[in-house]
Number of protein chains: 2
Amino acid sequence: MMNYSLGKGEHQNWVVSDVNFSEDSLGKSEAIMYLGNGYMGLRSTTEEPYLNEVRNCFVAGTFNKFDANEVTELPNIADVTRVDIRIDGKRFSLEFGETKEYVKQLNLKTAELIRTFDWVSPQGKELRFHFRRFVSLENLHVIGMKMEVEALTHPVVISFDSGINSQMTNSGAQHFHEGERRIFDKRFVQLIQTTTESKIDVVVNTVHKVMVNGKELEKEPIMEMDRRKVWLHFETELQQNDTLTVEKLTTVHTSRDKEAGHEPYDLDRLREISLTNLRQAFAKGYETLFTESTAAWQTKVWDRNNFHIESEDSYDLLALRFALYHLTIMTPAHDERMGIGAKAFSGEGYKGHSFWDTEIFILPFFTYSNPEIAKSLLKYRYHGLAGARKKAKENGFDGAMYPWEAAWPTDGEVTPVWGAVDIVTGEQTKIWSGFIEQHITSDITFAVWQYYQITNDQEFMDKYGYEMIFDTARFWASRLEWNEAKQEYHINCVVGPDEYKEHVDNNAFTNHMAHFNIKLAMEYYRELKTDRPELFASLEATLELEKAYTLWTEKIDNIYLPQPRHEDLVIPQDDTYLSKKIIDLEKYKNQAKVGSLFREYNLAQVNEMQVTKQADIMILFLLLENKFGPEVKQANFDYYEPKTLHDSSLSLSTHSILANDLGHEEMAYSLFKRATEIDLGPAMHTSDHGVHAASIGGIWQSVVLGFGGVRMLDGKLRMNPRLPKHWRELRFSINWHGSPLHVEITSDTLTIKSETKDYVVVEVFGQSYQFVEEVIININK
Amino acid sequence: MMNYSLGKGEHQNWVVSDVNFSEDSLGKSEAIMYLGNGYMGLRSTTEEPYLNEVRNCFVAGTFNKFDANEVTELPNIADVTRVDIRIDGKRFSLEFGETKEYVKQLNLKTAELIRTFDWVSPQGKELRFHFRRFVSLENLHVIGMKMEVEALTHPVVISFDSGINSQMTNSGAQHFHEGERRIFDKRFVQLIQTTTESKIDVVVNTVHKVMVNGKELEKEPIMEMDRRKVWLHFETELQQNDTLTVEKLTTVHTSRDKEAGHEPYDLDRLREISLTNLRQAFAKGYETLFTESTAAWQTKVWDRNNFHIESEDSYDLLALRFALYHLTIMTPAHDERMGIGAKAFSGEGYKGHSFWDTEIFILPFFTYSNPEIAKSLLKYRYHGLAGARKKAKENGFDGAMYPWEAAWPTDGEVTPVWGAVDIVTGEQTKIWSGFIEQHITSDITFAVWQYYQITNDQEFMDKYGYEMIFDTARFWASRLEWNEAKQEYHINCVVGPDEYKEHVDNNAFTNHMAHFNIKLAMEYYRELKTDRPELFASLEATLELEKAYTLWTEKIDNIYLPQPRHEDLVIPQDDTYLSKKIIDLEKYKNQAKVGSLFREYNLAQVNEMQVTKQADIMILFLLLENKFGPEVKQANFDYYEPKTLHDSSLSLSTHSILANDLGHEEMAYSLFKRATEIDLGPAMHTSDHGVHAASIGGIWQSVVLGFGGVRMLDGKLRMNPRLPKHWRELRFSINWHGSPLHVEITSDTLTIKSETKDYVVVEVFGQSYQFVEEVIININK
């Protein structure tokens, strides 16, 4: 059972707690409390093992393909977290004996996982356990663990097995060759593994310091090796009130690390680097390493974002901090060749692949708050042009057709082809997204444009951005299909954001965004040709822009863009949606049972109903805000929301922002709350397969873009804040054209402070303000 | 805790029982109660899962290599035994609540696994569970499972997940591509898997029949698929005294099956065959299928062997039945391309590989009792000539050098190179057996000769046997090394049966057996050349016998054969053994802690001590009995036994037979008892990695060759029975020259009945008897 109010004093609203142990719902805290630093992610499985646990550790960018029939995925590397503890020779487990005052906590501020409880063994001996763990934000390769066990009532013999275990798989798929195992100085344990197809070496080292009452154990551990495993067996006796303290420090390095990337790469050197790193960490010890990591969190995350919510419900602030914590650890900011996985590093779900989730739901946070990281994520997509061009070519199109799912940038499309069971045929359902969910290409273009407008990063555009925009526009121009009867360009046979509709024609979101993409390319074409002849020439050389522009000009005005119906202002989601049958969805609209519709219907049947998985038209309203008026938005909200199951975690936050835009603050707040509850809610199984990265980005979006009303519109900054009634104040910082702006919003006033002496222009509720240093605006209507 | 006296009435001394559930010692009953039929083996893991379980199912001959650095092994195929049961939504597990009258039993006679207990849930609801399972000896592809659950005290909601799970690995090594999963008719569940390197298809089908009080459930199960998994979720309510009955029937087929082996092989056809087999099984139901299997056990095993022991300790009879049970299920009698694994099918240990264990410890049972199967096993070695010739060539030798470990016959050497941790260096210890443990080659020759002498199977010799004997002799002739100083042929740098001595020169067993091998070839050379010119010519054509014979003649008399020392009659185990230091082994001589010496010394250090792993000189005495007199045997027994840790399961039974030969019946009995306890003893962890196939063969050998005194000596049958004092009678049947002989031994008399009208000649305590139909011999000394 989750509790968010246990943080006291300076840790108030910083602590996520699970206050009782239940073997039935391990996944929840494993996932939402997972630790990481963008380099790696470590699911927060308990030290002692349980049947239903999912023990995972992933390192960004180490993609591997099990075989030719499977798609590449982030492999589950060797585990160091499991510790098999025995008390008087009997396995320690919270499933036996009596557990008192159990609490498992993630402190978001320090990024430390803590677990404490008293445990009475079945033999009646009481012990106090205290576990701590962190993944360093300062030294990205370091995992720290600490365990304290005090014998409260009786002497006990305590023993434990701890080491490195590379028997781990991804649900049975083994991605690694068995590598060398070695124990140095009877203390430093090393295990090497190499991915089977991508041939990435992973070096894991671990070391223990075992103390009783602060004095290091004299008895040497027994060294053990088994297949894919190496570990030490420690055993000692504790008298009453004795405390056993174990520090276990680990380093993880791979041949994808930049420092290992220089030619000629040499495994022996990597082993040496990693072992040296561990020896140095060992010399510092848990507490020093942890203090260093905490300091990094303070400066890199908390100070920079400067967030605050004064709310009657302090959970709101915690939820926002939760989002920032996860946005930080999910992002491989250290390496522009790596993207963000849809489940971050918190589970095997979606295989570490990047979707439009990044550009549309997560990237805005970085673009506004940490443009350097946003740039790195966009450069990942720039490197992905190789894969996108490959995909376009394979599909008979020009330019860059981004893969629906992306892994290593040059891989191209990596969406798996087969999914869950079809309840009608008994076969696996085919997943069409990799073939025909094509809006990802314009989503990326949109994100590039958004980044450029918000940051003014001209260098990025020159080096990467224009090329991406032009080449995606080339794709769309080749993708359009001429409809002779209607004398229009159509985009047929696609999947839109609503994935419950496959093989539809003219999905509104897809068509409007393709149009946006080509139009943007045309603008930049004209601009560069006039103002930047050298850059233009170099782009022309690779992209044949003149030819492309001719095509764009020919087609742009004839692209069919679905419009509101005359009678009710409803925009048809696609050509056939509105003619399909309407069913009562009440019993399926239960967040804890996403996908329950598919217990009764197969996808072919759902395809024939007016049932929407997630925001589709709504996301169009959010991105191209100025294209549609409030009446149209309201009409479509009213029409589509009741037909939307929110079976995707991308849906609720979008609806929350839209509701706020339409002036329904309380509905917006209620949708925001539901959005936070996708991972933080009381339903204990929603995060079993991992956290919902896009939804977490959505929490930030709901607050800053929604309640804060921040938007970049046509290159200008707008801020229409509308706080929920019980929020007294909202503070945050964003960057605009390179200047940090500190924003304070109350029910009455909007205060914006700029750190620079430049003019800032902001539009607030239709009025334009230009200021230096600070502006205070009365927003009381 | 094991109990062997729970079988009552007709099942007396047939039932192996584990009478309490302990999660700490699951491995024992999983392994020693494993089910099988030579086609496949199914470790007897419980239906509900536990952390320490090892869930295994292996199909003979489906070898696969994970990658180029690993050796081929039997892969763990998809599991059907796991059933996840929930009572009122809570996981059922014997680790919670209260368990009453628990018993898990293997009925050796019917080969059925049974588990019964009453369980009181933590909520105080009492249920009665009754599980049954068998692997059919009649239809080799069928696994039957049955589960009954009765609600004794309260109504309960019971649900369970059951299907096919191919997330299984061999300690993390995944041998299969993920294949298609499919549910036919919402009932017949099918999963295909294909090995990654050897490309063997495995088709597993399963079907459930779920009844409450005998009436099939109306509610349809929920169909589920996940990665490498497909299963059904059933749920129903039980009123007090209602009984849920689940029959789960499974078929397993592979592309290595002979019926699938005809070209062109077609997976679709195999799928159809397997599904049809399941549909037919489903029509019969558990009880009929089980009755058919029981009948096969009666005729093929129990009636044929006709075993009986009248002993004060009826455990002795049970142990012998246990041996026969396992000898039956470990042996792929259906396919001559397959051998016996050192751990049978009961665990991953030794990877399903065949060692000399088969020829020296297991084959004699089949040669005497079921020559057809012995022939199949020897033909496996005949097919293995391909691999043996490859190995000889790679090592620069002539002829056939058999691999120390063998898998698929053409694979050649498959011994892994790296083993357990070296406690001194912290690195893995190198395993030298695959390179230099060479006696396997003459062991196989010995077995061929033994088979021929006992069965008179001339056809086998003509087709296979001579070729094997000649080509192994060619190997040895090329292997011998001339020692100029001693003017002798030596065999240097080997590992003998005692694997604690590596890189030794002139291991006595190796040298004597090599000599035997060449000598035998020379005899047959002369015989065939004279009497069978056509056969000789054809063998000469492929083996260059003339040239080989010249070499044999040159070398045979100059092979150094270690002899008893003048002073104490001790035969040096090798050139340096007797000069090494002697240490006190008392604390390491503990059967429950095999290998404990290596907690204190590494192999390099043990190499320098007079410590022997297992029978070495002793096994020489057993095989070449007439070469040494009783004084020499006694002297060596007295010298070596105290230095022998019996750290190999091949050791105790050999010592038991030798002790009996030397007239120490009670010592022989005590060693026999210890030999049976390798798997059946009270130590609960000795069989964790699997049963000890050779030791099980040794149980039969101790009884028939030891107490029964049966031996083939120089082609003649000898029978010197010496029963332990408290055995009143021993009965068994063997075959001699194709005739079944029924033997009854009491303390006074030896009665032999022959089924044929042929003369039988037998030597008993130095006197020769010739009889037809029956002879009764007074053996009271």
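This is a predicted model: local features need pLDDT of at least 70, side-chain atom pairs count only at pLDDT 80 or more; totals for chains, interfaces and linings use all residues.

Trainee: What makes Arg228(A) buried or exposed?

Mentor: Arg228(A) has 24 other C-beta atoms within 10 Å. Buried takes 20 or more, so Arg228(A) is buried. As for its place, Arg228(A) sits in the loop between β17 and β18 (229–238) of chain A.

Trainee: What is the phi of Arg228(A)?

Mentor: Positive, at about 60 degrees, although Arg228(A) is not a glycine. Most residues other than glycine have a negative phi.

Trainee: Which residue of chain B also has a positive phi without being glycine?

Mentor: Glu773(B), with phi near 70 degrees. Glu773(B) belongs to the loop between β31 (767–771) and β32 (774–778) of chain B.

Trainee: And how do you know whether Glu773(B) is buried or exposed?

Mentor: Count again: Glu773(B) has 12 other C-beta atoms within 10 Å. The cut-off for exposed is 12 or fewer, so Glu773(B) is exposed.

Trainee: Why is Lys547(B) called partly exposed?

Mentor: Lys547(B) has 13 C-beta neighbours inside 10 Å. Exposed needs 12 or fewer and buried needs 20 or more, so Lys547(B) counts as partly exposed. Lys547(B) is part of helix α12 (residues 545–555) of chain B. Its C-alpha is separated by 30 Å from that of Glu405(B), 142 residues away along the chain.

Trainee: Where is Arg731(B), and what does it touch?

Mentor: Arg731(B) is in strand β27 (residues 727–736) of chain B. Beyond its neighbours within four places in sequence, Arg731(B) is in contact with Asn306(B), Phe307(B), His308(B), Val743(B) and Glu744(B). Contact here takes C-beta atoms within 7 Å. With 17 other C-beta atoms within 10 Å, Arg731(B) is partly exposed.

Trainee: What about Glu608(A): which residues does it contact?

Mentor: Lys580(A) and Lys581(A), leaving aside neighbours within four places in sequence. Glu608(A) is in the loop between α13 (603–606) and α14 (617–623) of chain A. It has 14 other C-beta atoms within 10 Å, so Glu608(A) is partly exposed.

Trainee: What makes you say helix α3 of chain B is largely enclosed?

Mentor: 14 of the 15 residues of α3(B) are buried, so the rest of the structure largely encloses it. That helix covers residues 315–329 and reaches 21 Å from first C-alpha to last, close to the 21 Å expected at 1.5 Å a residue.

Trainee: Now the two chains. How many residues meet?

Mentor: 38 residues of chain A are in contact with 38 residues of chain B. On the chain A side, the elements that give two or more residues are β13 (176–184), β17 (222–226) and β21 (418–421). β13(A) gives the most, with six residues. By class, that side has 13 nonpolar, 11 polar and 14 charged residues.

Trainee: How do you know the relation between the chains is a two-fold axis?

Mentor: Chain A superposes on chain B by a rotation of 180 degrees with 0.1 Å of shift along the axis, at RMSD 0.0 Å. That is the relation of a two-fold axis. Also, 100% of the interface residues of chain A are interface residues in chain B too, so the copies meet through the same surface.

Trainee: Which domains does chain A have, and how far apart are their centres?

Mentor: The domain assignment gives domain 1 (33–299) and domain 2 (384–612). Their C-alpha centres lie 43 Å apart. Four residues of domain 1 of chain A are in contact with six of domain 2. The domain 1 side has two nonpolar, two polar and no charged residues.

Trainee: What are the confidence scores?

Mentor: Chain A has a mean pLDDT of 95, and 99% of its residues reach 70 or more. The model scores ipTM 0.94 and pTM 0.96.

Conventions. Residues are numbered from 1 along each chain as its sequence is written. Chains are lettered from A and ligands numbered from 1 in the order in which they are written. Two residues are in contact if their C-beta atoms, placed from the backbone, lie within 7 Å. Helices (H or I, at least four residues) and strands (E, at least two) are DSSP runs, numbered from the N terminus. Ala, Val, Leu, Ile, Met, Phe, Trp, Tyr, Cys and Pro count as nonpolar, Asp, Glu, Lys and Arg as charged, and the others, Gly among them, as polar. Copies are superposed by least squares on the C-alpha atoms of residues with pLDDT of at least 70 in both. Domain bounds come from an automatic or database domain assignment. pLDDT is the predictor's confidence in each residue, from 0 to 100. The expected span of a helix is 1.5 Å times one less than its number of residues.
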